Amino acid sequence: MMDDKSKTRQSLRQNLLEQLTRNELEGDEIRQIVASSAAIADFFDDYLVNEIFAAIEPDELDWNAGYFDRQRKLAQNNFAEKRISHLIDVREYLIRNDIAGFAKAPVTGRTEGTNTMNMQGYLPGANLARMVEQGVTSMVRSALINELENNRLEDNEINKAVAWTQERVADLFVDYEENSLAGKMNNDPSQWDADYYDLQTSYLNSNFAKVRFEHLITVRNSLRLHGVKGFEHIIIKPKTQPKPKSQTAPRPHSDASSHPQPGFLRIALMAGGALAVLAALVISLL
């Protein structure tokens, strides 16, 4: 019977093999995950070539969809880093050559909700990304409200979080309505205070309409500008790194190899989607 560590290791392997059959991640992103996974004890098998496990073919003339499928099946039982890296190369070759099943899907429809907003450089919070990946709408809504409660975020970042999430969760918002659990919105800023904000948040939980969420963003920003306690913008200053006493001693190479790609894994967690899932699995095994 497998322990939790073994189950997680198996899950990471399966996720990597699955991502090789999709167009969701770039080849370099998968390579970074593979490089990070190399630090996990016993994660990769030794590369085997025998009557059962065929060798990889270095010549691109031998690379086609059938060859990719055969090598992927071999990798299921001989999960060698060399085979996985080879599969990434074959996958990219097939994508470049528009081979059926590998051609990049058009992305014209994906920007429909964000064509008026500059999303460049936006990374969702780790919790929001994880909830979107799990696909439970109620949990996604709670994660969005948590973004709203995060005083480190500016209102434009909240708006980007909404746009990013709405692209991925079709039933995120419902139609606006008023009932005993979800009352009216007051558009008079002079009557906005912390109690009003809390009241509207409770209404939002009962009627998760986009206009209600956007109203709360506006109220939140107004309270912040007026210095209302609990709504102040929190700015986290980066810690300054102390200068080394001596510039002569080289940094041991083993430091880098023991914790590969730390920056990438942190960024991957915030990026959301399949990349965040893979990064989280790697981190849990390191």
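This is a predicted model: local features need pLDDT of at least 70, side-chain atom pairs count only at pLDDT 80 or more; totals for chains, interfaces and linings use all residues.
Okay, let's start with the charges. Searching the whole structure turns up six salt bridges. Take Arg-31 to begin with. Asp-28 pairs with Arg-31, and their closest N and O atoms sit 3.1 Å apart. Asp-28 is exposed, at 52% relative accessible area, while Arg-31 is partly exposed, at 28%.

Arg-31 has another partner, too: a salt bridge to Asp-89, 2.7 Å from N to O. That one links distant parts of the chain, since Asp-89 is in helix H4, residues 81-96, and the two are 58 residues apart. Asp-89 comes out partly exposed, at 32%.

Now over to Glu-154 and Arg-224, where the closest N and O atoms are 3.8 Å apart. Glu-154 is in the loop between H6 and H7 and Arg-224 is in helix H9, so this pair ties together parts 70 residues apart in sequence. Arg-224 is buried, with a relative accessible area of 12%. And going back to Arg-31: shared partners join Asp-28, Arg-31, Asp-89 and Glu-92 into one network.

What about the patch? Glu-57, Asp-59, Glu-60 and Asp-62 gather in a patch of negative charge on the surface. Asp-59 is in the loop between helices H2 and H3, and it is partly exposed at 38%.

Last, helix H12, residues 273-285. Its 13 residues should span 18 Å at 1.5 Å a residue, and the end C-alpha atoms are 19 Å apart, which agrees. Its buried residues include Leu-275, Leu-278, Val-282 and Leu-285.

Key. Residues are numbered from 1 along each chain as its sequence is written. Side-chain values use heavy atoms; hydrogens and water are left out. Patches are made of residues with over 30% relative accessible area and no salt bridge: like charges are joined within 9 Å, nonpolar side chains (Val, Leu, Ile, Met, Phe, Trp, Tyr) within 5 Å. Accessible areas come from the Shrake-Rupley method with a 1.4 Å probe; for residues, only the protein chains shown count as cover. A salt bridge is a side-chain nitrogen of Lys or Arg within 4 Å of a carboxyl oxygen of Asp or Glu. Lys and Arg count as positive and Asp and Glu as negative; His and the chain ends are not counted. The place of a charge is taken as NZ of Lys, CZ of Arg, CG of Asp or CD of Glu. Helices (H or I, at least four residues) and strands (E, at least two) are DSSP runs, numbered from the N terminus. Buried means under 20% relative accessible area, exposed over 50%, partly exposed in between (1.4 Å probe, protein chains only). The expected span of a helix is 1.5 Å times one less than its number of residues.
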